2 protein chains.
Amino acid sequence: MKERIRLDKRIVTENDRFARDLAERFDRAGLLAVNLMSSPGAGKTALLEETARRLAGRLRMAAVDGDLATDRDARRIAQAGMPCRQINTGGGCHLNGRQVAQAIEAYDLDELDILFIENVGNLVCPASFDLGEHRRVVVASTPEGEDKPVKYPVAFRSADCVVLNKIDLVEATGFSPADFSRFVRDLGLDVPLLQLSCKTGEGLDAWIGWLRAEREAVRRAEVPAKE
Amino acid sequence: MKERIRLDKRIVTENDRFARDLAERFDRAGLLAVNLMSSPGAGKTALLEETARRLAGRLRMAAVDGDLATDRDARRIAQAGMPCRQINTGGGCHLNGRQVAQAIEAYDLDELDILFIENVGNLVCPASFDLGEHRRVVVASTPEGEDKPVKYPVAFRSADCVVLNKIDLVEATGFSPADFSRFVRDLGLDVPLLQLSCKTGEGLDAWIGWLRAEREAVRRAEVPAKE
(Lines give C-alpha, C1' and ligand atoms only; values in the text may rest on other atoms or scores of the structure.)
Protein backbone atom coordinates (compact mmCIF):
# COMPACT_ATOMS: atom_id res chain seq x y z
CA MET A 1 0.00 0.00 0.00
CA LYS A 2 2.82 2.35 0.91
CA GLU A 3 4.46 1.56 -2.39
CA ARG A 4 1.29 2.41 -4.24
CA ILE A 5 1.07 5.82 -2.59
CA ARG A 6 4.66 6.57 -3.51
CA LEU A 7 4.05 5.66 -7.10
CA ASP A 8 0.88 7.74 -7.39
CA LYS A 9 2.93 10.63 -6.15
CA ARG A 10 5.57 10.05 -8.78
CA ILE A 11 2.96 9.97 -11.53
CA VAL A 12 1.36 13.19 -10.32
CA THR A 13 4.79 14.77 -10.25
CA GLU A 14 5.38 13.82 -13.87
CA ASN A 15 2.07 15.43 -14.81
CA ASP A 16 2.92 18.49 -12.74
CA ARG A 17 6.16 18.86 -14.67
CA PHE A 18 4.23 18.86 -17.95
CA ALA A 19 1.62 21.20 -16.46
CA ARG A 20 4.27 23.67 -15.33
CA ASP A 21 5.81 23.64 -18.78
CA LEU A 22 2.41 24.13 -20.43
CA ALA A 23 1.59 27.01 -18.09
CA GLU A 24 4.85 28.73 -19.01
CA ARG A 25 4.19 28.29 -22.71
CA PHE A 26 0.63 29.60 -22.36
CA ASP A 27 1.92 32.64 -20.47
CA ARG A 28 4.69 33.33 -22.94
CA ALA A 29 2.15 33.24 -25.77
CA GLY A 30 -0.13 35.56 -23.81
CA LEU A 31 -3.15 33.38 -24.47
CA LEU A 32 -5.91 32.35 -22.08
CA ALA A 33 -6.01 28.57 -21.49
CA VAL A 34 -9.34 27.16 -20.31
CA ASN A 35 -9.82 23.58 -19.08
CA LEU A 36 -13.45 22.41 -19.37
CA MET A 37 -14.80 19.56 -17.25
CA SER A 38 -18.20 17.95 -16.90
CA SER A 39 -20.19 14.74 -16.84
CA PRO A 40 -20.63 13.03 -20.21
CA GLY A 41 -23.21 14.91 -22.25
CA ALA A 42 -23.45 18.06 -20.10
CA GLY A 43 -22.63 20.20 -23.10
CA LYS A 44 -18.92 21.07 -23.18
CA THR A 45 -18.77 20.56 -26.94
CA ALA A 46 -21.99 22.49 -27.54
CA LEU A 47 -20.57 25.36 -25.48
CA LEU A 48 -17.42 25.41 -27.62
CA GLU A 49 -19.50 25.30 -30.80
CA GLU A 50 -21.47 28.35 -29.66
CA THR A 51 -18.28 30.08 -28.53
CA ALA A 52 -16.72 29.47 -31.94
CA ARG A 53 -19.72 31.02 -33.70
CA ARG A 54 -20.06 34.02 -31.41
CA LEU A 55 -16.39 34.97 -31.29
CA ALA A 56 -15.59 34.19 -34.91
CA GLY A 57 -13.39 36.94 -36.33
CA ARG A 58 -13.04 38.60 -32.92
CA LEU A 59 -10.75 36.30 -30.98
CA ARG A 60 -8.35 33.70 -32.35
CA MET A 61 -9.25 30.39 -30.75
CA ALA A 62 -8.31 26.73 -30.95
CA ALA A 63 -9.17 23.62 -28.94
CA VAL A 64 -7.96 20.18 -27.98
CA ASP A 65 -10.61 17.62 -27.11
CA GLY A 66 -10.27 14.49 -24.99
CA ASP A 67 -12.39 11.40 -25.48
CA LEU A 68 -11.87 7.69 -24.91
CA ALA A 69 -12.75 7.06 -28.55
CA THR A 70 -13.99 8.69 -31.77
CA ASP A 71 -13.24 12.15 -33.16
CA ARG A 72 -16.89 13.21 -33.12
CA ASP A 73 -16.42 16.18 -30.79
CA ALA A 74 -13.38 17.57 -32.58
CA ARG A 75 -15.25 17.41 -35.86
CA ARG A 76 -18.25 19.25 -34.37
CA ILE A 77 -16.03 22.01 -32.99
CA ALA A 78 -14.07 22.33 -36.23
CA GLN A 79 -17.30 22.52 -38.21
CA ALA A 80 -18.36 25.40 -35.98
CA GLY A 81 -15.21 27.22 -37.04
CA MET A 82 -12.69 26.52 -34.27
CA PRO A 83 -9.63 24.41 -35.10
CA CYS A 84 -9.69 21.37 -32.82
CA ARG A 85 -7.32 18.44 -32.28
CA GLN A 86 -8.82 15.22 -30.95
CA ILE A 87 -6.98 13.32 -28.24
CA ASN A 88 -8.11 9.72 -27.85
CA THR A 89 -7.23 8.38 -24.43
CA GLY A 90 -8.05 4.74 -25.15
CA GLY A 91 -9.49 3.77 -21.81
CA GLY A 92 -8.04 6.82 -20.05
CA CYS A 93 -10.38 8.70 -17.74
CA HIS A 94 -8.76 12.15 -17.96
CA LEU A 95 -6.37 14.23 -20.04
CA ASN A 96 -2.80 14.53 -18.83
CA GLY A 97 -0.19 17.15 -19.50
CA ARG A 98 1.80 14.97 -21.88
CA GLN A 99 -1.25 14.46 -24.13
CA VAL A 100 -2.04 18.17 -24.21
CA ALA A 101 1.60 19.05 -24.94
CA GLN A 102 1.56 16.66 -27.91
CA ALA A 103 -1.79 17.89 -29.23
CA ILE A 104 -0.88 21.58 -29.20
CA GLU A 105 2.15 20.89 -31.42
CA ALA A 106 -0.40 21.53 -34.17
CA TYR A 107 -0.79 25.17 -33.14
CA ASP A 108 1.30 28.31 -33.15
CA LEU A 109 0.39 29.48 -29.65
CA ASP A 110 1.53 33.02 -30.41
CA GLU A 111 -1.30 33.24 -32.92
CA LEU A 112 -4.00 32.36 -30.37
CA ASP A 113 -6.05 34.41 -27.91
CA ILE A 114 -7.76 31.46 -26.25
CA LEU A 115 -6.94 27.75 -26.11
CA PHE A 116 -9.74 25.49 -24.91
CA ILE A 117 -8.97 22.09 -23.43
CA GLU A 118 -12.12 19.97 -23.44
CA ASN A 119 -11.45 17.21 -20.95
CA VAL A 120 -12.84 13.65 -20.96
CA GLY A 121 -16.47 13.58 -19.83
CA ASN A 122 -15.97 12.66 -16.19
CA LEU A 123 -16.74 14.67 -13.06
CA VAL A 124 -14.13 12.89 -10.97
CA CYS A 125 -10.65 12.16 -12.33
CA PRO A 126 -9.91 15.18 -14.55
CA ALA A 127 -10.12 17.45 -11.48
CA SER A 128 -6.90 15.96 -10.11
CA PHE A 129 -4.78 16.70 -13.18
CA ASP A 130 -3.45 20.20 -13.73
CA LEU A 131 -2.98 20.94 -17.43
CA GLY A 132 -1.31 24.30 -17.00
CA GLU A 133 -4.61 26.10 -17.59
CA HIS A 134 -5.34 29.63 -16.37
CA ARG A 135 -9.00 28.92 -15.72
CA ARG A 136 -10.98 25.81 -14.98
CA VAL A 137 -14.65 25.68 -15.95
CA VAL A 138 -17.02 23.01 -14.63
CA VAL A 139 -20.13 22.57 -16.76
CA ALA A 140 -23.20 21.12 -15.04
CA SER A 141 -26.56 20.60 -16.73
CA THR A 142 -30.11 20.65 -15.44
CA PRO A 143 -31.04 17.02 -16.24
CA GLU A 144 -28.24 15.82 -13.93
CA GLY A 145 -30.06 17.19 -10.88
CA GLU A 146 -29.30 19.95 -8.41
CA ASP A 147 -27.01 18.04 -6.04
CA LYS A 148 -24.01 17.38 -8.28
CA PRO A 149 -21.82 20.06 -6.61
CA VAL A 150 -21.97 18.33 -3.21
CA LYS A 151 -21.70 14.84 -4.70
CA TYR A 152 -18.66 15.74 -6.84
CA PRO A 153 -17.02 18.34 -4.60
CA VAL A 154 -13.45 17.90 -5.83
CA ALA A 155 -14.27 19.05 -9.36
CA PHE A 156 -16.58 21.88 -8.32
CA ARG A 157 -14.20 23.18 -5.66
CA SER A 158 -11.46 23.42 -8.27
CA ALA A 159 -13.61 25.53 -10.63
CA ASP A 160 -12.95 29.18 -11.45
CA CYS A 161 -16.35 29.35 -13.10
CA VAL A 162 -19.42 27.10 -12.91
CA VAL A 163 -21.65 26.91 -15.99
CA LEU A 164 -25.16 25.52 -15.62
CA ASN A 165 -26.22 24.43 -19.10
CA LYS A 166 -29.59 23.31 -20.51
CA ILE A 167 -31.68 25.82 -18.56
CA ASP A 168 -34.22 25.42 -21.38
CA LEU A 169 -35.00 22.08 -19.68
CA VAL A 170 -35.69 23.54 -16.22
CA GLU A 171 -39.41 22.94 -16.49
CA ALA A 172 -39.23 19.56 -18.26
CA THR A 173 -36.77 18.21 -15.70
CA GLY A 174 -38.27 19.89 -12.62
CA PHE A 175 -34.84 21.34 -11.87
CA SER A 176 -34.55 24.03 -9.20
CA PRO A 177 -31.88 26.65 -10.04
CA ALA A 178 -32.23 27.99 -6.48
CA ASP A 179 -31.37 24.57 -5.00
CA PHE A 180 -28.40 24.27 -7.36
CA SER A 181 -27.11 27.69 -6.27
CA ARG A 182 -27.55 26.66 -2.64
CA PHE A 183 -25.51 23.48 -3.19
CA VAL A 184 -22.78 25.52 -4.89
CA ARG A 185 -22.74 27.91 -1.92
CA ASP A 186 -22.69 24.94 0.47
CA LEU A 187 -19.27 24.09 -0.95
CA GLY A 188 -18.04 27.55 -0.02
CA LEU A 189 -17.55 28.42 -3.69
CA ASP A 190 -17.30 32.08 -4.58
CA VAL A 191 -16.99 31.95 -8.37
CA PRO A 192 -19.24 33.08 -11.22
CA LEU A 193 -22.25 30.81 -11.77
CA LEU A 194 -23.47 31.24 -15.33
CA GLN A 195 -26.87 29.80 -16.21
CA LEU A 196 -27.31 29.31 -19.93
CA SER A 197 -28.68 27.21 -22.75
CA CYS A 198 -26.54 26.35 -25.74
CA LYS A 199 -29.78 25.38 -27.47
CA THR A 200 -31.73 28.63 -27.11
CA GLY A 201 -28.75 30.95 -26.68
CA GLU A 202 -30.07 32.30 -23.37
CA GLY A 203 -27.24 33.37 -21.08
CA LEU A 204 -24.50 32.93 -23.67
CA ASP A 205 -23.69 36.66 -23.70
CA ALA A 206 -22.59 36.41 -20.07
CA TRP A 207 -20.36 33.44 -20.91
CA ILE A 208 -18.75 35.32 -23.80
CA GLY A 209 -18.33 38.33 -21.51
CA TRP A 210 -16.65 36.20 -18.86
CA LEU A 211 -14.27 34.72 -21.46
CA ARG A 212 -13.35 38.16 -22.82
CA ALA A 213 -12.71 39.52 -19.34
CA GLU A 214 -10.54 36.56 -18.35
CA ARG A 215 -8.64 36.73 -21.62
CA GLU A 216 -8.03 40.41 -20.94
CA ALA A 217 -6.91 39.73 -17.37
CA VAL A 218 -4.37 37.18 -18.59
CA ARG A 219 -3.15 39.50 -21.34
CA ARG A 220 -2.69 42.36 -18.87
CA ALA A 221 -0.80 40.09 -16.47
CA GLU A 222 1.45 39.08 -19.37
CA VAL A 223 2.21 42.59 -20.55
CA PRO A 224 2.43 44.77 -17.43
CA ALA A 225 1.41 48.38 -17.96
CA LYS A 226 4.38 50.74 -18.24
CA GLU A 227 4.40 53.86 -16.07
CA MET B 1 6.78 3.24 -16.91
CA LYS B 2 7.35 -0.50 -16.75
CA GLU B 3 7.12 -0.32 -13.00
CA ARG B 4 3.79 1.49 -13.23
CA ILE B 5 2.32 -1.23 -15.41
CA ARG B 6 3.43 -3.92 -12.97
CA LEU B 7 1.88 -2.10 -10.07
CA ASP B 8 -1.42 -1.48 -11.87
CA LYS B 9 -1.55 -5.20 -12.44
CA ARG B 10 -0.99 -5.90 -8.78
CA ILE B 11 -3.79 -3.51 -7.79
CA VAL B 12 -6.22 -5.11 -10.23
CA THR B 13 -5.27 -8.48 -8.82
CA GLU B 14 -6.16 -7.35 -5.31
CA ASN B 15 -9.55 -6.17 -6.55
CA ASP B 16 -10.03 -9.40 -8.47
CA ARG B 17 -9.42 -11.36 -5.29
CA PHE B 18 -12.14 -9.42 -3.52
CA ALA B 19 -14.40 -9.74 -6.57
CA ARG B 20 -13.95 -13.51 -6.69
CA ASP B 21 -14.78 -13.76 -3.00
CA LEU B 22 -17.85 -11.57 -3.45
CA ALA B 23 -19.02 -13.62 -6.43
CA GLU B 24 -18.76 -16.81 -4.36
CA ARG B 25 -20.70 -15.27 -1.52
CA PHE B 26 -23.41 -14.00 -3.88
CA ASP B 27 -23.70 -17.44 -5.46
CA ARG B 28 -23.83 -19.24 -2.12
CA ALA B 29 -26.61 -16.92 -1.00
CA GLY B 30 -28.44 -17.55 -4.27
CA LEU B 31 -29.07 -13.85 -4.79
CA LEU B 32 -28.75 -11.81 -7.98
CA ALA B 33 -26.06 -9.11 -7.74
CA VAL B 34 -26.46 -6.17 -10.12
CA ASN B 35 -23.78 -3.51 -10.64
CA LEU B 36 -25.22 -0.23 -11.98
CA MET B 37 -23.05 2.28 -13.84
CA SER B 38 -23.77 5.60 -15.52
CA SER B 39 -22.79 9.22 -15.91
CA PRO B 40 -23.62 11.47 -12.96
CA GLY B 41 -27.34 12.18 -12.94
CA ALA B 42 -28.43 9.61 -15.51
CA GLY B 43 -30.89 8.12 -13.03
CA LYS B 44 -29.38 5.10 -11.27
CA THR B 45 -30.86 6.18 -7.94
CA ALA B 46 -34.25 6.99 -9.46
CA LEU B 47 -34.28 3.53 -11.06
CA LEU B 48 -33.59 1.89 -7.70
CA GLU B 49 -36.31 4.01 -6.05
CA GLU B 50 -38.84 2.81 -8.64
CA THR B 51 -37.57 -0.75 -8.35
CA ALA B 52 -38.01 -0.61 -4.57
CA ARG B 53 -41.60 0.57 -4.94
CA ARG B 54 -42.60 -1.86 -7.65
CA LEU B 55 -41.09 -4.97 -6.11
CA ALA B 56 -41.94 -4.16 -2.48
CA GLY B 57 -43.20 -7.31 -0.76
CA ARG B 58 -42.35 -9.45 -3.80
CA LEU B 59 -38.58 -9.68 -3.79
CA ARG B 60 -36.21 -9.04 -0.89
CA MET B 61 -33.76 -6.38 -1.99
CA ALA B 62 -30.94 -4.28 -0.59
CA ALA B 63 -28.40 -1.89 -2.06
CA VAL B 64 -24.99 -0.37 -1.53
CA ASP B 65 -24.39 3.03 -3.04
CA GLY B 66 -21.09 4.66 -3.99
CA ASP B 67 -20.52 8.41 -4.02
CA LEU B 68 -17.53 10.65 -3.48
CA ALA B 69 -19.44 12.45 -0.74
CA THR B 70 -22.84 12.76 0.99
CA ASP B 71 -25.36 10.03 1.82
CA ARG B 72 -28.10 11.61 -0.28
CA ASP B 73 -28.61 8.66 -2.62
CA ALA B 74 -28.67 6.04 0.14
CA ARG B 75 -31.31 8.06 1.97
CA ARG B 76 -33.44 8.35 -1.16
CA ILE B 77 -33.29 4.60 -1.79
CA ALA B 78 -34.01 3.78 1.84
CA GLN B 79 -36.96 6.15 1.84
CA ALA B 80 -38.33 4.28 -1.18
CA GLY B 81 -38.26 1.12 0.94
CA MET B 82 -34.98 -0.58 0.03
CA PRO B 83 -32.28 -0.87 2.70
CA CYS B 84 -29.18 0.92 1.40
CA ARG B 85 -25.66 1.41 2.74
CA GLN B 86 -23.75 4.45 1.56
CA ILE B 87 -20.09 4.06 0.62
CA ASN B 88 -18.20 7.34 0.47
CA THR B 89 -15.10 7.02 -1.68
CA GLY B 90 -13.57 10.37 -0.73
CA GLY B 91 -12.07 11.32 -4.05
CA GLY B 92 -12.36 7.77 -5.41
CA CYS B 93 -13.73 7.45 -8.94
CA HIS B 94 -15.16 3.92 -8.66
CA LEU B 95 -16.22 1.29 -6.14
CA ASN B 96 -13.77 -1.50 -5.42
CA GLY B 97 -14.32 -4.99 -4.08
CA ARG B 98 -12.98 -4.17 -0.64
CA GLN B 99 -15.50 -1.36 -0.18
CA VAL B 100 -18.41 -3.54 -1.29
CA ALA B 101 -17.29 -6.38 0.98
CA GLN B 102 -17.25 -3.99 3.95
CA ALA B 103 -20.61 -2.43 3.11
CA ILE B 104 -22.49 -5.72 2.77
CA GLU B 105 -21.44 -6.71 6.29
CA ALA B 106 -24.68 -4.95 7.18
CA TYR B 107 -26.77 -7.56 5.37
CA ASP B 108 -27.62 -11.23 5.77
CA LEU B 109 -27.14 -12.20 2.14
CA ASP B 110 -29.19 -15.39 2.60
CA GLU B 111 -32.20 -13.19 3.25
CA LEU B 112 -31.88 -11.32 -0.07
CA ASP B 113 -33.12 -12.00 -3.59
CA ILE B 114 -31.34 -9.08 -5.24
CA LEU B 115 -28.39 -6.95 -4.16
CA PHE B 116 -27.90 -3.73 -6.11
CA ILE B 117 -24.51 -2.06 -6.25
CA GLU B 118 -24.93 1.54 -7.40
CA ASN B 119 -21.50 2.60 -8.57
CA VAL B 120 -19.97 6.09 -8.52
CA GLY B 121 -21.42 8.27 -11.29
CA ASN B 122 -18.70 7.86 -13.89
CA LEU B 123 -18.88 6.24 -17.33
CA VAL B 124 -15.17 5.41 -17.39
CA CYS B 125 -13.40 3.97 -14.35
CA PRO B 126 -16.07 1.74 -12.74
CA ALA B 127 -16.13 -0.41 -15.88
CA SER B 128 -12.62 -1.70 -15.10
CA PHE B 129 -13.45 -2.99 -11.61
CA ASP B 130 -15.26 -6.29 -11.20
CA LEU B 131 -17.33 -6.36 -8.02
CA GLY B 132 -18.37 -9.99 -8.24
CA GLU B 133 -21.69 -9.04 -9.78
CA HIS B 134 -23.78 -11.39 -11.92
CA ARG B 135 -25.09 -8.64 -14.16
CA ARG B 136 -23.80 -5.24 -15.12
CA VAL B 137 -26.30 -2.54 -16.14
CA VAL B 138 -25.25 0.66 -17.88
CA VAL B 139 -27.81 3.45 -17.57
CA ALA B 140 -27.75 6.14 -20.26
CA SER B 141 -30.17 9.07 -20.43
CA THR B 142 -31.57 11.06 -23.32
CA PRO B 143 -30.13 14.49 -22.36
CA GLU B 144 -26.60 13.06 -22.63
CA GLY B 145 -26.99 12.60 -26.38
CA GLU B 146 -27.09 9.57 -28.66
CA ASP B 147 -23.37 9.00 -29.08
CA LYS B 148 -22.36 7.98 -25.56
CA PRO B 149 -22.01 4.25 -26.42
CA VAL B 150 -19.26 4.91 -28.99
CA LYS B 151 -17.59 7.60 -26.87
CA TYR B 152 -17.52 5.40 -23.73
CA PRO B 153 -17.16 1.98 -25.34
CA VAL B 154 -15.46 0.23 -22.41
CA ALA B 155 -18.45 0.66 -20.10
CA PHE B 156 -21.09 -0.10 -22.71
CA ARG B 157 -19.24 -3.17 -24.03
CA SER B 158 -19.16 -4.59 -20.50
CA ALA B 159 -22.92 -4.24 -20.04
CA ASP B 160 -25.35 -7.16 -19.77
CA CYS B 161 -28.23 -4.72 -20.15
CA VAL B 162 -28.41 -1.12 -21.37
CA VAL B 163 -31.11 1.10 -19.88
CA LEU B 164 -32.01 4.32 -21.67
CA ASN B 165 -33.66 6.54 -19.06
CA LYS B 166 -35.57 9.85 -19.37
CA ILE B 167 -37.39 8.97 -22.57
CA ASP B 168 -40.00 11.50 -21.39
CA LEU B 169 -37.40 14.08 -22.52
CA VAL B 170 -37.00 12.75 -26.07
CA GLU B 171 -38.86 15.66 -27.58
CA ALA B 172 -37.46 18.39 -25.32
CA THR B 173 -33.89 17.23 -25.96
CA GLY B 174 -34.29 16.34 -29.64
CA PHE B 175 -32.89 12.90 -28.84
CA SER B 176 -33.13 10.18 -31.50
CA PRO B 177 -33.75 6.70 -30.00
CA ALA B 178 -33.03 5.21 -33.43
CA ASP B 179 -29.56 6.83 -33.52
CA PHE B 180 -28.86 5.62 -29.98
CA SER B 181 -29.81 2.06 -30.96
CA ARG B 182 -27.54 2.33 -33.99
CA PHE B 183 -24.61 3.44 -31.85
CA VAL B 184 -25.25 0.53 -29.48
CA ARG B 185 -25.28 -1.86 -32.45
CA ASP B 186 -22.11 -0.24 -33.82
CA LEU B 187 -20.35 -1.55 -30.70
CA GLY B 188 -21.44 -5.06 -31.58
CA LEU B 189 -23.55 -5.24 -28.44
CA ASP B 190 -26.24 -7.90 -28.32
CA VAL B 191 -27.90 -7.21 -24.97
CA PRO B 192 -31.35 -5.97 -23.96
CA LEU B 193 -31.85 -2.25 -24.54
CA LEU B 194 -34.63 -1.02 -22.26
CA GLN B 195 -36.07 2.43 -22.93
CA LEU B 196 -37.87 3.86 -19.94
CA SER B 197 -38.71 6.87 -17.84
CA CYS B 198 -38.43 6.73 -14.08
CA LYS B 199 -40.51 9.91 -14.04
CA THR B 200 -43.57 8.74 -16.02
CA GLY B 201 -43.18 5.02 -15.36
CA GLU B 202 -43.12 4.19 -19.08
CA GLY B 203 -41.07 1.09 -19.80
CA LEU B 204 -40.52 0.17 -16.15
CA ASP B 205 -42.49 -3.07 -16.48
CA ALA B 206 -39.88 -4.37 -18.92
CA TRP B 207 -37.09 -3.47 -16.47
CA ILE B 208 -38.85 -5.27 -13.64
CA GLY B 209 -39.44 -8.23 -15.96
CA TRP B 210 -35.75 -8.34 -16.89
CA LEU B 211 -34.75 -8.25 -13.22
CA ARG B 212 -37.14 -11.06 -12.31
CA ALA B 213 -35.93 -13.22 -15.20
CA GLU B 214 -32.26 -12.67 -14.32
CA ARG B 215 -32.94 -13.34 -10.66
CA GLU B 216 -34.66 -16.57 -11.66
CA ALA B 217 -31.77 -17.57 -13.95
CA VAL B 218 -29.28 -17.08 -11.12
CA ARG B 219 -31.47 -19.00 -8.68
CA ARG B 220 -31.84 -21.92 -11.09
CA ALA B 221 -28.08 -21.99 -11.68
CA GLU B 222 -27.59 -22.10 -7.93
CA VAL B 223 -30.05 -24.95 -7.28
CA PRO B 224 -29.74 -27.31 -10.26
CA ALA B 225 -32.92 -29.22 -11.06
CA LYS B 226 -32.86 -32.82 -9.79
CA GLU B 227 -33.87 -35.56 -12.19
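Hi everyone, let's start in a loop: Thr70(B) sits between β2 (61-67) and α3 (72-79) of chain B. Helices here are DSSP runs of H or I with at least four residues, strands are E runs of at least two, and both are numbered from the N terminus. Thr70(B) has a phi near 75°, a positive value in a residue other than glycine. For background, most residues other than glycine have a negative phi, and most peptide bonds are trans. Thr70(B) counts as partly exposed because its relative accessibility is 22%; buried means under 20% relative accessible area, exposed over 50%, and partly exposed in between, with a 1.4 Å probe and protein chains only.

A quick word on what we're looking at. This is a predicted model, where local features need pLDDT of at least 70 and side-chain atom pairs count only at pLDDT 80 or more, while totals for chains, interfaces and linings use all residues. Residues are numbered from 1 along each chain as its sequence is written, chains are lettered from A and ligands numbered from 1 in the order in which they are written, and side-chain values use heavy atoms, with hydrogens and water left out. Chain A averages a pLDDT of 94, and 92% of its residues score at least 70; pLDDT is the predictor's confidence in each residue, from 0 to 100. For the complex, the predictor gives an ipTM of 0.92 and a pTM of 0.93.

Back to backbones. Lys166(B) also has a positive phi, near 65°, and its place is the loop between β6 and α7 (170-173) of chain B. Is Lys166(B) buried or exposed? Lys166(B) is buried, since its relative accessible area is 12%.

Now over to chain A. Strands β2 (residues 61-67) and β3 (residues 84-88) of chain A run parallel, joined by five bridges; two strands pair if DSSP finds at least two bridges between them. Asp67(A) stands opposite Asn88(A) in β3(A). Together with helix α3 (residues 72-79) of chain A, β2(A) and β3(A) make a right-handed β-α-β unit. Right-handed means that, with the strands pointing away from the viewer, the path from the first strand over the helix to the second runs clockwise.

Next, which residues of the largest nonpolar core touch the most other members? Out of 48 residues, they are Val124, Phe156 and Phe180 of chain A, and Val124, Phe156 and Phe180 of chain B. Among the elements giving two or more residues to this core are β5 (135-141) and α8 (177-186) of chain A, and β5 (135-141) and α8 (177-186) of chain B. By nonpolar core I mean buried Ala, Val, Leu, Ile, Met, Phe, Trp, Tyr and Cys residues joined through side-chain atoms within 4.5 Å. Leaving aside neighbours within four places in sequence, Phe180(A) is in contact with residues including Phe156(A), Leu164(A) and Glu146(A), where contact means heavy atoms within 4.5 Å.

Glu133(A) counts as buried because its relative accessibility is 15%. Its side chain makes a polar contact of 3.3 Å with that of Asn35(A), and another of 2.8 Å joins Glu133(A) to the side chain of Arg136(A). A polar contact is a pair of N or O atoms within 3.5 Å; within protein, one must be able to donate a hydrogen and the other to accept it, and residues adjacent in sequence count only if both atoms are side-chain atoms. Thanks, everyone!
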